[in-house]
Amino acid sequence: MLHKSRIKIKNTLSEAKYILEHLWDSALQWPLLCLITVAALMVVAVPLPLYYQWVYGIFFMGLTLLIDRSPSHFASIVICLSSILTSTRYIFWRITQTLRFDHIMDAVFGGVLFMAELYAWAILILGLFQILWPMQRPVVPLSGEDEELPTVDVFIPTYNESMEIVQNTVFAALGMDYPKDRFNVYLLDDGHREEFRLFAEEAGCHYLTRNDNLNAKAGNLNAALKKTKGELVCIFDCDHVPTRAFLQLTVGWLQKEPNLALVQTPHFFYSPDPIQRNVPGGDELPGDNELFYGTVQRGNDLWDATFFCGSCAILRREALEENDGFSGETVTEDAHTALKLQRRGWDTAYINIRLSAGLATDTLLAHIKQRARWARGMTQILRIDNPLWGRGLTIAQRLCYMNALLHYQFALPRVIFLISPLAFILFNSSIIHASAVMVFAYAIPHLFMSLWAHERLSNGRRQPFWGEINETLLAFHLIKPTLITFLNPKKGSFNVTDKGERMEDDYFDIRSVRPHLITAGFLFLGLVVGIVKLINSDSHLVDLIQGQILSHDSQILPMDIHIDLAPKLGRDHLLGQIKLSDGSWLVFQTLVPNPAMPWLTNRLTTAIILVIGAGLVGGLIIQAFVTPLRSLSKAVAKVGDGKQHIFKETGPKELRHVAQAFNQMQMRIEHMLRERTEMLAAVSHDLRTPLARLQLRASFIEEDDIREAVEADLQEMATMIKSVLQFLRGDQDPEVKRLTDIVAIIETLVNAAKDAGKDISYEGPSHYDVTTRPLLMKRAISNLIENALHYGKKAIVRFHHDENGVYIQVDDAGPGIPEDQIEQVLQPFRRLDTARQRNTAGLGLGLATVDRTVKREEGKLSLTNLQEGGLRAEIFLPAAQNKIRKKDGGKGYYFSARKGLELLRRPK
């Protein structure tokens with residue numbers, strides 16, 4: 001039965017399409033257009049009673065559900081037109097029947113809400129126009145011999161990203177399938193880092209930098225344009241790893257179309273964004289970028305309005321030079337550059353094939369910062385280069401750009417939609433001057449049709465619920481950058497999106513969701529107040545008035561009477577509609593006393609609301625003082641741990657001064673300690689040269705007793721200098737953590753001691769991987785073994801692990817250490833002569849050096865006297881040190897470029 005109904009719907013749509021196409025091609029084109037316009041105006045403007053409005057809404061919603069069964073594009077057009085008509089009818093009804101300006105609160109709150117709804121309606125119309133005819137552009141193969149192919153300069157701009165991220169993109173770019181003599185890869189380093197220059201030389205790509213960072217990314221690209229000469233310019237953000245076929249599948253269009261300035265490809269992210277990472281089943285949710293790259297850009301391509309997205313694109317140098325390079329007037333240099341190229345008459349194209357893989361933002365804060373930059377840039381374009389004005393663009397291009405620019409103004413309307421119910425509940429303002437039933441009769445079809453049309457055209461690339469969650473998360477943080485930029489387009493600067501962070505532990509980002517929690521508190525307050533009012537309301541008044549009307553005129557049916565009470569400043573605002581016998585409707589309104597809310601209850605409710613509101617405001621003020629103080633106390637507590645803790649200078653003026661003084665104090669202390677440490681290290685290092693000369697001259701002393709005594713003293717001095725250098729090197733050691741077989745290090749040290757004839761053994765597994773600094777740990781373990789062999793003449797090294805971490809134990813058979821002096825031996829320059837013999841060289845820095853090394857690994861060194869005699873030195877490294885970085889894209893770990901490239905091969 002269902003299959004037959006689908007066939008009937010498909011046949012009906014095909015016949016309707018056939019008839020319309022033939023009528024449109026005939027002489028009836030303009031009369032048909034006039035007829036459609038008149039019909040649309042009637043659907044939008046003719047007022048209907050409540051009952052017939054419900055019939056209208058249910059009919060269009062049901063028609064949409066039936067037509068939606070057909071996969072044809074003509075069905076999509078019908079659904080979109082129905083949605084536009086229904087939403088426009090709602091807006092017309094709001095303008096003509098629901099706006100009242102006789103009360104100041106109604107005018108303010110109602111007017112603000114209507115402006116937000118008008119914005120949403122405009123975005124709906126522009127969005128449906130933009131994606132109604134998505135274009136699927138095919139690939140054009142390369143033409144000509146290798147030596148005839150256009151030369152390509154591949155730019156990889158970077159500023160403060162890590163080498164681990166950048167090197168993947170560089171290696172992938174160098175490996176693209178294109179004649180090697182026809183393309184060059186350039187690493188554009190705005191961070192001026194020496195290690196990146198050395199890496200570029202080793203990898204075989206060019207390294208470019210500049211003297212300043214003017215205009216951020218746009219300036220970086222423009223500086224590179226002046227130093228290169230390729231016919232085409234290919235751009236990859238430093239975290240976007242291209243596939244081998246990128247140039248093979250994109251250059252062909254630029255060969256075929258000489259007026260084509262840009263070929264853009266999708267940005268595909270192989271790591272989850274903050275929404276996907278933090279909600280149940282997030283892996284199944286589409287990313288917030290999929291709608292843009294899967295549907296919107298294809299729609300733009302039809303109208304020759306493809307946006308340049310800053311990466312994964314290839315441009316024609318001739319067009320860029322005509323445009324004076326990349327646009328630097330806004331912080332979204334990519335979209336503005338495309339707009340200016342299209343104004344000059346250049347064409348653009350979009351190929352919807354995943355040809356690269358990148359990193360999504362890791363944290364909600366980074367996600368918000370990125371979107372705030374986009375919103376600021378789009379607002380700048382809206383102000384300084386509005387696509388509605390000026391020459392060079394078609395009407396369709398102007399509309400596509402306006403949809404993109406206006407979309408990023410969603411923050412304020414979104415917040416208005418969230419808090420507008422509070423105006424009705426807390427302030428008794430009639431923000432929509434109509435009964436609740438009438439509002440539902442108009443609003444439900446409007447919302448249903450718009451969501452359904454958008455869902456159909458997006459092909460599931462945006463789930464309405466999670467899309468609303470995403471925009472709500474961003475809304476509170478985008479209000480400030482959009483409003484300030486709208487008033488002053490030159491305000492604000494470019495910020496680089498942080499990517500590639502490793503999050504080992506989950507945490508609640510209170511800073512990012514604070515405005516949401518505050519709003520949720522006010523909405524909960526409104527809910528409580530609304531429930532109280534609902535409980536205290538008297539519905540008998542409505543029944544009484546309805547009964548009086550029915551008793552006065554028996555021809556009026558109960559279903560023809562609609563009465564609603566809207567509380568308004570201590571009185572009830574009574575709204576009513578009555579269908580008369582001639583079919584017309586009588587609409588009336590009046591103010592009646594409110595017996596349900598007596599004077600005392602009114603004052604009590606107002607007092608409660610004021611107390612709660614004052615408490616919330618007071619709590620926010622207190623929190624504004626306490627939060628920086630709490631952060632400052634934590635930073636002060638960490639002073640002396642070997643790291644510099646810069647305290648953010650926020651809060652009131654006095655706290656900012658304290659934070660500034662604290663940061664300056666830290667810098668002075670660090671500078672002083674570094675100077676003293678470097679000076680002592682330099683002196684110790686320089687002493688090694690004259691010491692070596694003394695050792696050489698001592699060998700010429702003929703008396704054996706004197707020579708041996710001098711050599712022993714010199715050896716002790718050398719040991720002292722070595723221990724001082726090891727201790728001072730401490731936190732300044734440049735070694736980085738890496739995955740290390742710690743057991744292999746232990747066995748190497750044990751075997752070396754055995755070869756020297758020492759009594760030592762090892763007990764434990766043959767292999768175990770730990771993420772640590774191998775050289776530092778080797779020195780620490782070696783120090784413990786040397787101590788055990790020296791003082792105990794025998795050593796047993798044990799290794800084991802559990803769910804808490806790993807344990808390295810070194811036992812000796814020596815005299816041990818008195819319990820009250822164990823803590824002292826971990827202090828620098830401490831020698832316990834009563835516990836250990838004084839027949840060894842050194843300054844007492846050995847165990848202090850080991851303790852500092854272990855603490856740097858976030859571990860612990862403990863000393864314990866054994867019951868059977870001897871001392872046990874144990875190194876404990878927590879389990880966090882033992883995590884092998886996963887490559888499965890799981891939460892909390894780094895995502896490899898290789899995994900991203902594998903994901904590219906999956907079907908979209």
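The model is predicted. The protein has 908 residues, and 46% of them count as buried. Its chain forms 27 helices and 19 strands.

**Overall make-up**

- The accessible surface of the protein is about 47,200 Å², and carbon and sulfur atoms account for 60% of that area.
- Taking contacts between residues at least 6 apart in sequence, 73% join residues that are at least 24 apart.
- The structure contains 20 salt bridges.

- Seven strands make up an open sheet with mixed pairing, and their order is 3-2-1-4-7-6-8.
- Strand 3 (206–208) and strand 8 (347–350) are the edge strands, each pairing on one side only.
- On average, neighbouring strands of this sheet are turned by 20° against each other, with direction ignored.
- Strand 6 (residues 260–264) and strand 8 run parallel and are joined by four bridges.
- Gln264 has Tyr350, in strand 8, as its bridge partner.

**Helices packed on the strands**

- Helix 11 (residues 290–302) lies across strand 6 and strand 8, and the helix runs at about 150° to strand 8.
- Helix 9 (residues 246–256) has the buried residues Phe246, Leu247, Thr250, Val251, Gly252, Trp253 and Leu254.

**Salt bridges**

- Side chains of opposite charge can pair when their charged atoms come close.
- Asp237 and Lys217 form a salt bridge, with their closest N and O atoms 2.7 Å apart.
- This pair links distant parts of the chain, since Asp237 is in the loop between strand 4 and strand 5 while Lys217 is in helix 8 (residues 216–227), 20 residues apart.
- Lys217 has a relative accessible area of 14%, so this lysine is buried.
- Arg343 and Asp385 also meet through their side chains in a salt bridge, at 3.3 Å from N to O.
- Here too the pair links distant parts of the chain: Arg343 belongs to helix 13 (residues 333–343), and Asp385 to the loop between helix 14 (364–384) and helix 15 (395–407), 42 residues apart.
- Arg343 counts as buried because its relative accessibility is 18%, under the 20% limit for that class.
- Asp385 counts as buried as well, at 15% relative accessibility.

**A salt-bridge network**

- The side chains of Asp811 and Arg798 meet in a salt bridge of 2.4 Å, N to O.
- Asp811 is in strand 17 (residues 805–812) and Arg798 is in strand 16 (residues 794–801), so their pairing ties together parts 13 residues apart in sequence.
- Asp811 counts as buried, with 6% relative accessibility, whereas Arg798 is partly exposed, with a relative accessible area of 23%.
- Asp811 and Arg798 belong to a network of salt bridges that also links Glu763 and Arg872.

**Glu471**

- Glu471 sits in helix 18 (residues 464–487).
- Glu471 is buried because its relative accessible area is 13%, under the 20% limit.
- The side chains of Glu471 and Arg414 make a polar contact at 2.4 Å.
- Apart from neighbours within four places in sequence, the residues in contact with Glu471 are His407, Phe410, Arg414 and Arg462.

**Residues with a positive phi**

- Most residues other than glycine have a negative phi.
- His192 is not a glycine, yet its phi is positive, at about 55°.
- His192 lies in the loop between strand 2 and helix 7 (194–203), and counts as partly exposed at 40% relative accessibility.
- Cys312, also not a glycine, has a positive phi of about 60°.
- Cys312 is found in the loop between helix 11 and strand 7, and this cysteine is buried, with a relative accessible area of 0%.

Key. Residues numbered from 1 in each chain as written. Predicted model: local features only at pLDDT ≥ 70, side-chain atom pairs only at ≥ 80, totals over all residues. Heavy atoms only, no water. Helix = DSSP H or I, 4+ residues; strand = E, 2+ residues; numbered from the N terminus. Buried < 20%, exposed > 50% of the residue type's maximum accessible area, 1.4 Å probe, protein only. Polar contact = N/O pair within 3.5 Å; in protein donor to acceptor, adjacent residues only side chain to side chain. Contact = heavy atoms within 4.5 Å. Pairing = 2+ DSSP bridges. Axes fitted to C-alpha atoms, helices over the stretch in contact; angles between N-to-C directions. Areas by Shrake-Rupley, 256 points an atom, 1.4 Å probe, with all protein chains shown as cover. Salt bridge = Lys/Arg side-chain N within 4 Å of Asp/Glu carboxyl O.
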